[in-house]
Amino acid sequence: TADTKQGHLTKELRGIFNDKQIPFIFLKGVHLKTLYPESHLRGMGDIDVLIHEKHIAPVRETLQKRGYELRHKSPQHDVYETTGLAIEIHPTLYKDFDDKFASLFQSPWDHAHQENENEHRFTPEFGLCYLAYHLAKHFDSSGVGLRSILDIGIFAQSYEDAIDRETLSELLAQGNLKAFMQTLLYLNKQYFGLTPLPGLIEDYTMDPDLFERLTTYITTAGIHGNGATHNPFIARTRNKQDKKNSRLKVLLRTVFLPKKTMQVMHPALEKHGYLLPFFWFKRAFSLTFKKRKRSFYKLKQLKAANQEKSRKTEALFDQIGL
């Protein structure tokens, strides 16, 4: 089964990092699987690992020597594939999509402790905040499904006795996540009957109309925004005061990636920065011709992301703490 294969690969990666003396943290699914009654009950698309940025190059060399295929490089993660399974190696947790989260998630190793050999784990307070932050990213860029909501409840319930309420409150305040966390815990109460962390949602109520609209958004979006009728550009073009995105800006950012991102994708740019326009042209050509069907579909979605729908999404996100 996929669960068994992922378990074997997780064990293999753990051995590789320990052999090379590289500190690492398994993110999301690998740890969450251990909290569910049976590991197969928590599906996992890929294996996510956090390492220090200085170890990216040696990890690339090691994994490729072992037959792992490097499929994609970006400042956020390297994507590898082996035996039909995907691995994402992250040098950072923080993705620059909303500055209000920057203070908490730019230094994740400050909130980690050594678990075994070179494997580390986040404190339960930071781990819960990270799961909420990860969902915030998916709300912003694609979409979340019910499983992602349940992860919050399962994690909070599993670590209820270990979580220090004062520390959690401080981290939520630092990360501007308190209102969103209350929303997520409230949804777990309504959807799954889970009521962990007493004190965070006792006085929290949600208007029935908001609950219905939010539920519709979550269920139609699906995990990673793969819902059949969901348009991820509705979220990306919403007109928030602190990040005003027009459809044209979204389109231009898709084609003309930042120089730092392009350098990761094309290492030659580190020594020959003057080639940046050439690689931008190459990317535009690829999106237009080699990936034409996918690109045209995304353009169609972008065009359909009208201002009225974006304003409604903006209002919904504001009401749930995003």
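**Reading the terms off the model**

Student: Glu125 lies in helix α5. What makes a run of residues a helix here?

Tutor: A helix is a DSSP run of H or I with at least four residues; a strand is a run of E with at least two, and numbering starts at the N terminus. Helix α5 covers residues 124-141. This is a predicted model: local features need pLDDT of at least 70, side-chain atom pairs count only at pLDDT 80 or more, and totals for chains, interfaces and linings use all residues. Residues are numbered from 1 along each chain as its sequence is written, and side-chain values use heavy atoms, leaving out hydrogens and water.

Student: Why is Glu125 called buried?

Tutor: Its relative accessibility is 8%. Buried means under 20% relative accessible area, exposed over 50%, and partly exposed in between (1.4 Å probe, protein chains only). Glu125 therefore counts as buried.

Student: What does Glu125 touch, leaving aside its neighbours within four places in sequence?

Tutor: Ala162, Ile163, Asp164, Thr167, Leu168 and Leu171. Contact means heavy atoms within 4.5 Å. As for Glu166, its C-alpha is 9.6 Å from that of Glu125, and the two residues are 41 apart in sequence.

Student: How do you know how α5 and α6 run relative to each other?

Tutor: From their axes, which come within 10 Å and cross at roughly 170°; α6 covers residues 146-158. Axes are lines fitted to C-alpha atoms, for helices over the stretch in contact, and angles run from 0 to 180 degrees between N-to-C directions. Under 35 degrees is roughly parallel, over 145 roughly antiparallel, 65 to 115 roughly perpendicular, and the rest oblique. α5 and α6 are therefore roughly antiparallel.

Student: Which residues make that contact?

Tutor: From α5 come Pro124, Gly127, Leu128, Leu131, Ala132 and Leu135. From α6 come Ser148, Ile149, Asp151, Ile152, Phe155 and Ala156. They divide into nine nonpolar, two polar and one charged. Nonpolar covers Ala, Val, Leu, Ile, Met, Phe, Trp, Tyr, Cys and Pro; charged covers Asp, Glu, Lys and Arg; the others, Gly among them, are polar.

Student: What angle do α8 and α9 make, and what is that called?

Tutor: Helix α8 (residues 178-192) and helix α9 (residues 208-221) have axes that come within 12 Å and cross at roughly 90°. That makes α8 roughly perpendicular to α9. In α8, Thr183, Tyr186, Leu187, Gln190 and Tyr191 meet Phe211, Leu214, Thr215 and Ile218 of α9. This contact has six nonpolar residues, three polar and no charged.

Student: Why does Gln6 count as buried?

Tutor: Gln6 is found in α1 (residues 2-19). Its relative accessibility is 6%, so Gln6 is buried. Leaving aside neighbours within four places in sequence, its contacts are Lys33, Met44, Gly45, Ile47 and Leu85.

Student: How many helices and strands does the chain have, and what share of its residues is buried?

Tutor: There are 15 helices and nine strands. Buried residues make up 50% of the 322.
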